[in-house]
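Student: I have a model open and would like to go through it. Can we take it piece by piece?

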Amino acid sequence: MEGMGNPHGGTMFGPDEQENPNDTPTVSEYKKLKRVMRIMNKFYEDGSAAKLDQAEDMEHELHKVQVDLCMVEAQIKALEPFPGHPKKTSYLEELSEERDRLVKMRDNFQKKATNFRALYQWSLGIVDCIRWLTLGLDDYCVNFLKMELDITPSPLPKPTLDQYHKYKEGLDEVHLNLHESQDFFQASLDGRLRRYHQIEKEIIEAQIKALQAFPPMNERKVHWDDELTKDLEFVGDNSKETPASTSKREKMLSMHKDFVNTLTWFKSRLSGFAKELGIDENAEKGADSQHPTNKQVEFMLAM
């Protein structure tokens, strides 16, 4: 969740969420949590929309290949009344090669389309989970954090059995994402991200040095020199640190810590609902997220 956005920009906040110099510390903290919740909602809604775009794009490509396959089959069938003619044999060889190529493309697009569609359906559950959390934020602030606010919170809605499983999966996934993102921002502040980029720079430079032993006009060398130079520039840009970027990272880290604490409360509330629904949580443990961890964060944690 590295790209979650600026906690004070990029998302339209309502009047009950905007900072006000006249607010008490309690009200300021409450508004901050509401802003964080809105950012989280938008982050996952945007992610879901992106997954839908990916699914629809891949389904469109699949349809085009299926149409092409139908054309090839129609052409092959049109050749049946002409046995033994050399021209038929020539066309059949060409069409058969094209059909084999299109079948591979179709299978590849079908696999990707199915995967993207499944990811989109999965993402809808995450969005529903975050919306459910939003309904319980006032309850969390008043009854758990003991904020003195001029509001009467509604209790967190009790989920149905199906909703329980969806919300539990969503909470586990968001919790994992937040921890990884929190680790990233912590690493960006304690120097590990700087060391990560330095190693990345040295890797690229080692590749450039290895290519220097080969003729300068070699096409492959020219291609790789260009790609590696772009990578080096990209790493250089990412390595730049300013007071503004440091301040932003500090705010993002604080925001993530706040939301991790919020999620912890919601997870405990969901455990309470599990008992009311007659669910044995211990029997359902082990269904961890099947999504891979962030390799960049994983590497920095080991530094």
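Student: Let's start with a loop residue. Is Lys146 buried or exposed?

Tutor: Lys146 counts as exposed, because its relative accessibility is 59%. Keep in mind that this is a predicted model.

Student: Where does Lys146 sit?

Tutor: Lys146 is in the loop between helix 3 and helix 4.

Student: What about its phi?

Tutor: The phi of Lys146 is positive, about 60°, although the residue is not a glycine. Most residues other than glycine have a negative phi.

Student: Zooming out, how many helices and strands are there?

Tutor: The protein has eight helices and zero strands. Read from the N terminus, the order of elements is α-α-α-α-α-α-α-α.

Student: And what percentage of the residues count as buried?

Tutor: 33% of the 303 residues count as buried. As for contacts with a separation of 6 or more, 80% of them are between residues 24 or more positions apart.

Student: Which residues touch the most other members in the largest nonpolar core?

Tutor: Met40, Trp132, Leu133, Cys141, Leu171, Val174 and Phe259 do, in a core of 41 residues. At least two core residues come from each of helix 1 (25-78), helix 2 (86-135), helix 3 (137-144), helix 4 (161-190), helix 5 (192-211) and helix 7.

Student: Which helix gives the largest share of this core?

Tutor: Helix 7, with 11 residues.

Student: Take Val174, then. What is in contact with it, apart from its neighbours within four places in sequence?

Tutor: Val174 is in contact with Met40, Tyr44, Ile126, Ile130, Phe259 and Leu263. There is also a second, separate core of 13 residues, with Ala55, Leu62, Leu102 and Ala113 among them.

Student: Back to helix 7. What is its span from first C-alpha to last?

Tutor: Helix 7 covers residues 243-276, 34 residues in total, and reaches 50 Å, close to the 50 Å expected at 1.5 Å a residue. Gly278 follows helix 7, and the phi of Gly278 is positive, near 75°.

Student: Now packing. At what angle do helix 1 and helix 3 pack?

Tutor: The angle is about 150°, and the axes of helix 1 and helix 3 are 11 Å apart. An angle over 145 degrees counts as roughly antiparallel, so helix 1 and helix 3 are roughly antiparallel to each other. Their crossing is right-handed.

Student: Which residues make that contact between helix 1 and helix 3?

Tutor: Helix 1 contributes Tyr30, Leu33, Lys34 and Met37, while helix 3 contributes Leu137, Asp138, Tyr140 and Cys141.

Student: How about helix 4 and helix 5, what angle there?

Tutor: About 85°, with the axes of helix 4 and helix 5 4 Å apart. Helix 4 and helix 5 are therefore roughly perpendicular to each other. On the helix 4 side the contact is made by Asp183, Phe184, Gln186, Ala187, Ser188 and Asp190, and on the helix 5 side by Arg192, Leu193 and Arg195.

Student: Some single residues next. Is Leu69 buried or exposed?

Tutor: Leu69 counts as buried, because its relative accessibility is 8%. Leu69 belongs to helix 1.

Student: What does Leu69 contact, leaving aside neighbours within four places in sequence?

Tutor: Leu69 is in contact with Arg99, Leu102, Val103 and Arg106. Leu69 and Arg106 are 37 residues apart along the chain, with 8.7 Å between their C-alpha atoms.

Student: And Ile76, where is that?

Tutor: Ile76 is also placed in helix 1. Ile76 is buried, with a relative accessible area of 15%. Not counting residues up to four places away in sequence, Ile76 touches Leu92, Leu95 and Arg99. Between the C-alpha atoms of Ile76 and Tyr91, which are 15 residues apart in sequence, there are 8.3 Å.

Student: Where does Ser123 lie, and is it buried or exposed?

Tutor: Ser123 lies in helix 2. Ser123 counts as buried, because its relative accessibility is 4%. Leaving aside neighbours within four places in sequence, Ser123 is in contact with Ser48 and Lys51.

Student: Last one, Trp224. Which helix is it in?

Tutor: Trp224 is found in helix 6, residues 219-239. At 34% relative accessibility, Trp224 counts as partly exposed. Trp224 and Leu211 are 13 residues apart in sequence, and their C-alpha atoms are 8.3 Å apart in space.

Conventions: Residues numbered from 1 in each chain as written. Predicted model: local features only at pLDDT ≥ 70, side-chain atom pairs only at ≥ 80, totals over all residues. Heavy atoms only, no water. Expected span 1.5 Å × (residues − 1). Core = buried A, V, L, I, M, F, W, Y, C linked by side-chain atoms within 4.5 Å. Buried < 20%, exposed > 50% of the residue type's maximum accessible area, 1.4 Å probe, protein only. Contact = heavy atoms within 4.5 Å. Axes fitted to C-alpha atoms, helices over the stretch in contact; angles between N-to-C directions. Parallel < 35°, antiparallel > 145°, perpendicular 65-115°, else oblique. Left-handed = near helix turned anticlockwise from the far one by under 90°.
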